[in-house]
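Reader: Hi! Could you walk me through this one?

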Amino acid sequence: MSKPVFAIIGRPNVGKSTFFNKLIGQRISIIEDTPGVTRDRIYAEGEWLNKPFILIDTGGIEINSEDAILKQMKMQAEIAIATADVIIMLTEIGAGVTAADIDVATLIQKSGKPIILVVNKVDNIGQTPLEIYEFYNLGLGDPMPVSSVHGRGTGDLLDKAFELAGDSSNRIEDEDAIKVAVIGKPNVGKSSLINNILGENRVIVSDVAGTTRDAIDSYFENDKGKFVFIDTAGIRRHAKVNETIEKYSVLRAKMAVERCDVAIIMLDAREGVTEQDTKIAGFAHEAGKGCIVVANKWDITDKNGKTMDKMRKEVQHDLPFMSYAPVLFISALTGQRVDKLFELIDFVSNQNSMRISTGLLNEILSDAVTKVQPPSDKGKRLKLLYITQPSTKPPTFVIFVNNKDLFHFSYQRYIENQIRNSFGLEGTPIRIIVRERGDKSSD
Ligand code: GDP
Ligand code: GDP
């Protein structure tokens, strides 16, 4: 299973950021330089008993401060429902249950997502105060007492969160279906593509209360294969543009990428690659997913016979880390080449899960070394001893060498290219792990 996503929601001052920090410790990665998303901690990856997880503090997402608490919490709930495997609703012992808590509890309960009700600020170890019983009124099951300041109860909580994530059934899990995330900045045409593919007459999810389990991902089957489009509720809802939704669109893209096999990075063909596109493409690359760059709105792009080639080169130049990705020019509006997109998804997904035999790999390695001598330093020459592929998605290779320091980036790039030249691996990042002989470290 990929990393489960836990999202925290709750009123201001119940202790969400304190709780977030406690659960994550120091390992914080901040989503930043995205207009609108605050630089607060809203997203982090943590680890519990060697199992990785993703934590989102929905309270950290900038929400209009004039909004009433209930409205803010509804927005948090919406984000949590859309992105999380398990929702952690935080309350606190001192203030008890408020009207907003009750409304929000009803909302998240309807979503069908697993929920953990946490009562924070229960600082006295060993004593569970009677006030905790009040929280049963929320109808979210047993409240878990926690002290975020002391860390009390946080281990039990993570145990429970993993347990609930394990059997979360709110996603379409068809082993054969390829999971596809369509990502890109607002207005490039993501929802138009999804609508084109799924047909206009499907129910559009209109509000949080109406969000149903199956509306989050959409299953689609045609003669090219079986596909699950991830988080289509979020994409489609965007049609009624809402400022706050734009603010977390980047976070959402990141979450969708975590769960996909293939990411479709959508650009506006008329604009080329923008800074925000680069950032979004970076998520897919770093997550090791199959990647396809789609330049949309081809129907209204000024073009002549050379435009496509020129633009393909431009994309490769502007997304240099993703030169392996095929570029497809489509119109989500007219459906031009959308057919071709399905072929590519299938192809790229296969490339992303390609397994190459150790024998073949070592042949390539020894040919490569013969063609271009490995670098040396102070009389010591790099020796490439052995290569093997321990895992796929993305294809990951371990190369054993005599001395890691001699294996410079440029020579690694050369080896990577030799592997790609022999096996294609089009549309997928690959990882190369370098080990010294006798080195047993696990990364
Ligand atoms: P947020 O607005 O929900 O993110 O809340 P904060 O994390 O900023 O916390 C609000 C206040 O509650 C701060 O003064 C925290 O120090 C305090 N607080 C948070 N967790 C606990 C706790 O477990 N026990 C106590 N006593 N105070 C806490
Ligand atoms: P999203 O924010 O990425 O989901 O973008 P939308 O699908 O909502 O599209 C934004 C606008 O671009 C809408 O007015 C669409 O009709 C228009 N649009 C999307 N794809 C195309 C396309 O391929 N060609 C043309 N001409 N317009 C498009």
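Reader: Let's start with Asp 339: buried or exposed?

Author: Asp 339 counts as exposed, because its relative accessibility is 51%. Here buried means under 20% relative accessible area, exposed means over 50%, and partly exposed is in between, with a 1.4 Å probe and protein chains only.

Reader: Before we go on, what kind of model is this, and how do the numbering and cut-offs work?

Author: It is a predicted model, where local features need pLDDT of at least 70 and side-chain atom pairs count only at pLDDT 80 or more, while totals for chains, interfaces and linings use all residues. Residues are numbered from 1 along each chain as its sequence is written, chains are lettered from A and ligands numbered from 1 in the order in which they are written, and side-chain values use heavy atoms, leaving out hydrogens and water.

Reader: Thanks! Which residue does Asp 339 form a salt bridge with?

Author: Its partner is Lys 224, and the closest N and O atoms are 4.0 Å apart. A salt bridge here is a side-chain nitrogen of Lys or Arg within 4 Å of a carboxyl oxygen of Asp or Glu. The two residues link distant parts of the chain, 115 residues apart: Asp 339 is in helix α11 (residues 338-352), and Lys 224 is in the loop between β8 (218-222) and β9 (225-229). Helices (H or I, at least four residues) and strands (E, at least two) are DSSP runs, numbered from the N terminus. Lys 224 is partly exposed, at 23% relative accessibility.

Reader: And α11 itself, how far does it reach from its first C-alpha to its last?

Author: The 15 residues of α11 reach 21 Å, close to the 21 Å expected at 1.5 Å a residue. That expected span is 1.5 Å times one less than the number of residues. Among the buried residues of α11 are Leu 341, Phe 342, Ile 345 and Val 348.

Reader: How many salt bridges does the structure hold?

Author: There are 14. One of them joins Asp 309 to Arg 312, with the closest N and O atoms 3.8 Å apart. Asp 309 and Arg 312 are three residues apart in helix α10 (residues 307-318), so about one helical turn separates them. Elsewhere, Lys 185, Glu 271 and Asp 277 are joined into one network by salt bridges that share partners.

Reader: Switching to the inside: which residues touch the most other members of the largest nonpolar core?

Author: Among them are Ile 9, Ile 56, Ile 87 and Met 89, in a core of 33 residues. Such a core is a set of buried Ala, Val, Leu, Ile, Met, Phe, Trp, Tyr and Cys residues joined through side-chain atoms within 4.5 Å. Elements giving two or more residues include β1 (5-10), β4 (86-92) and α3 (99-110), and α2 gives the most, with six.

Reader: Is that where the story ends, or what lies apart from it?

Author: Another core lies apart, with 29 residues, including Ala 181, Val 315 and Met 322.
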